[in-house]
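Visitor: I have a model open in the viewer. Please show me how to read its features, one at a time.

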Amino acid sequence: MKFGPVVASAALLALITACGSTESGTSPSAAAGGGAGEKIGIDHPRADSDFWNSYIKYVPKMAAELKVDLMNPTNSQNDVAKLVANTQALVSQGAKVMVMAPQDTGAIASTLQQLENKKIPVVTVDTRPDKGKVFMVVRADNRAYGTKACEFLGEKLGGKGKVVELMGALSSVNGRDRAEAFRECMKSKFPGITVFEEPTEWDGGKAASMLQTRLEQNPDVKGIYMHAGGVHLAPTLQVLKAKGLLVAPEDPKHVFVVSNDGIPQEFEAIRKGEIDATVSQPADLYAKYALFYAKAAAEGKTFKAGPTDHDSTIIELPNGLEDQLPAPLVTKENVDDPNLWGNQVK
């Protein structure tokens, strides 16, 4: 795999040391030189998604770049029980900080409490735990995903028609955020559009079955919103092709499709006219800043809410902080932008 250049500066204007003195203008590369050498444990959430597989491939590169003492990763395979067991194993092997991406954001609370009791900071990636202390959540604004998808489809459909929403798991904060924002936007801005909500649990097979049923019952569906291109793209294209609906955007039979993830496969589908847009989740920056914050936690540094120098904003949560990284809408107009991580993966 070949990677393009990554954002050079990862300093946070809001960075402060644990003892309270202000430290600004520090980049990850500079901070790495004085690393504490503490072991960082990391659990990957799944290996059945193109998005997460891309993230997983970025991790060792970023660990080397930041000089992070990264332990051998585990993979919980979308199973919270495995995540708990993997976390316990990594801690028993000496992990001083944990990086994880819990897919069930409610069920991880007791494990987070145990880690807090052991004074082991936790950085979560892409998902924000409902309860339990976190040092930092590295995530994009998932409500903005739903709003951007709503506005795109609403405009393409002229405010009228039917849309199928292939939702993720509502046990996940990401699924809830995207669904709630999409629903609120549609009701307020495009009340003439009927939305069929289909909770797929991030499962491609369920997505295909649900979409096929909806299209049979409502052959006049003109829009689809996929919560995750990594699991929803291939089955959606297969169903549309089988229905004779995988046609160019200018064809009257075209079904407008907007997605989330920003994987190379989505970009290729946009170029072919098979789908129309996606919101690019920054898999490269998820890996980079997850490890950056994990290293900072090991070094005793802390952060506060406010703008960063990498075009994001740290917000306060009831149980910690969240760095909301930028996630642009990608259409045929900007799909070839070399700065998009999906165009840096070969």
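**Around Glu 197**

Guide: Leaving out neighbours within four places in sequence, Glu 197 is in contact with Glu 165, Met 167 and Arg 183. Contact means heavy atoms within 4.5 Å. This is a predicted model: local features need pLDDT of at least 70, side-chain atom pairs count only at pLDDT 80 or more, and totals for chains, interfaces and linings use all residues. Residues are numbered from 1 along each chain as its sequence is written, and side-chain values use heavy atoms, with hydrogens and water left out.

Visitor: Which side chain makes a polar contact with the side chain of Glu 197?

Guide: A polar contact is a pair of N or O atoms within 3.5 Å; within protein, one must be able to donate a hydrogen and the other to accept it, and residues adjacent in sequence count only if both atoms are side-chain atoms. Here the partner is the side chain of Arg 183, at 2.8 Å. Met 167 is 30 residues away from Glu 197 along the chain, yet their C-alpha atoms are separated by 6.8 Å.

Visitor: Does Glu 197 count as buried, partly exposed or exposed, and what is its relative accessibility?

Guide: Buried means under 20% relative accessible area, exposed over 50%, and partly exposed in between (1.4 Å probe, protein chains only). Glu 197 has 31% and counts as partly exposed. Glu 197 lies in strand S8.

Visitor: What is the strand order in the open sheet of six strands?

Guide: Start with the terms. Helices (H or I, at least four residues) and strands (E, at least two) are DSSP runs, numbered from the N terminus. Two strands pair if DSSP finds at least two bridges between them. The order is S8-S7-S9-S10-S11-S16, with mixed pairing. S8 (193-199) and S16 (329-330) stand at the edges with a single partner strand each, so one side of each has no neighbour in the sheet. S11 (277-280) pairs with S16 in the antiparallel sense over two bridges. In that pair, Thr 278 stands opposite Val 330.

Visitor: Which helices pack on the sheet, and at what angles?

Guide: Axes are lines fitted to C-alpha atoms, for helices over the stretch in contact, and angles run from 0 to 180 degrees between N-to-C directions. Helix H6 (173-189) touches S7, S8, S9 and S10, and its direction makes about 165° with that of S7. Helix H9 (264-272) touches S10, S11 and S16, at about 150° to S11.

Visitor: In what order do the eight strands of the other open sheet run?

Guide: S3-S2-S4-S5-S6-S15-S14-S13, again with mixed pairing. S3 (74-75) and S13 (306-307) stand at the edges, each with a single partner strand, so one side of each lacks a neighbour in the sheet. S2 (40-44) and S3 are parallel over two bridges, and Asp 43 stands opposite Thr 74. Helix H3 (80-92) packs on this sheet, touching S2, S3 and S4.

Visitor: How many residues of S6 are buried?

Guide: Five of the five, so S6 is largely enclosed by the rest of the structure. Met 136, Val 138 and Ala 140 point one way, and Val 137 and Arg 139 the other. S6 pairs in the parallel sense with S5 over three bridges. Four bridges join S6 to S15, also running parallel.

Visitor: Where is the kink in helix H2?

Guide: The bend at a residue is the angle between axes fitted to the seven residues ending there and the seven starting there. In H2, a kink of about 25° lies at Val 59, shortly before Pro 60. The expected span of a helix is 1.5 Å times one less than its number of residues. H2 (50-66) has 17 residues and reaches 24 Å from first C-alpha to last, close to the 24 Å expected. Ser 49 caps the N-terminal end, with a side-chain oxygen 3.2 Å from the backbone nitrogen of Phe 51. After H2 comes Lys 67, with a positive phi near 55°.

Visitor: Which side chain is joined to that of Gln 103 by a polar contact?

Guide: That of Arg 46, at 3.3 Å. The Gln 103 side chain also reaches the backbone oxygen of Ala 101 at 3.0 Å. Gln 103 is buried, with a relative accessible area of 13%.
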